[in-house]
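The structure comes first, then the text.

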Amino acid sequence: MGTNHKGHSADKLSVVFAVRVIEGGEQGFLELYEDLRKSVAGSPGHIVERLGEPADDSRQWVITSEWESAEHFFAWQQSEEHRELVAPLRQWVDQRQSLRFRIVKETKGVAS
């Protein structure tokens with residue numbers, strides 16, 4: 001287990017899932033995301049989930065989540081419920097990428 005500069009555990013995991021939604025597929029994608037969001041909210045070890053909408057016309061959306069540990073995330077990701085929820089994703093997106101990072105430092109609030 002690592003620690004950051006303030007002595008906090010560095011075992012937390014940040015997950016970034018970037019998808020390019022097909023043209024005209026935004027509503028279907030958002031409905032799928034809503035089901036996914038509800039599922040993940042009750043998962044052990046889940047801290048926060050965020051959905052980012054493209055600020056341009058790229059159709060590139062991003063889902064970020066934070067977990068107490070990699071083990072918590074992978075347990076949820078490998079669950080049957082998760083597999084069933086994401087199975088329809090291919091009909092709404094044509095590109096996807098998933099990145100996972102251990103959080104080693106974080107800044108909250110205003111620096112003094």
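Helix α1 gives the largest share of the lining of the largest pocket, four residues. Helices (H or I, at least four residues) and strands (E, at least two) are DSSP runs, numbered from the N terminus. The model is predicted, with local features needing pLDDT of at least 70 and side-chain atom pairs pLDDT 80 or more, while totals for chains, interfaces and linings use all residues. Residues are numbered from 1 along each chain as its sequence is written, and side-chain values use heavy atoms, without hydrogens and water.

At least two lining residues come from each of β1 (13-21), α1 (26-41), β3 (60-67), α2, α3 (80-86) and β4 (93-102). The lining has 22 residues, and Phe 17, Leu 36, Trp 76, His 82 and Val 86 lie nearest the pocket centre. The pocket has a volume of about 380 Å³.

| Class of lining residue | Number |
|---|---|
| Nonpolar | 13 residues |
| Polar | five residues |

In one of them, Phe 73 and Trp 76 are tilted, at 6.4 Å centre to centre and 50° between the planes; ring centres of a pair lie within 6.5 Å, and planes under 30 degrees apart count as stacked, over 60 as edge-to-face and the rest as tilted. Because Phe 73 and Trp 76 are three residues apart in helix α2 (residues 70-77), about one helical turn separates them. Both are buried (under 20% relative accessible area, 1.4 Å probe).

Terms used
Rings of Phe, Tyr and Trp (its six-membered ring) pair if their centres lie within 6.5 Å; planes under 30 degrees apart count as stacked, over 60 as edge-to-face and the rest as tilted. Buried means under 20% relative accessible area, exposed over 50%, partly exposed in between (1.4 Å probe, protein chains only). On a 1 Å grid over the protein atoms alone, a cavity is a set of points where a 1.4 Å probe fits but cannot get out, and a pocket is an open set with protein on both sides within 12 Å along at least five of seven lines; lining residues have an atom within 4 Å of a point. Grid points are joined across faces, edges and corners, and a volume is the space filled by probe spheres set on the points. Ala, Val, Leu, Ile, Met, Phe, Trp, Tyr, Cys and Pro count as nonpolar, Asp, Glu, Lys and Arg as charged, and the others, Gly among them, as polar.
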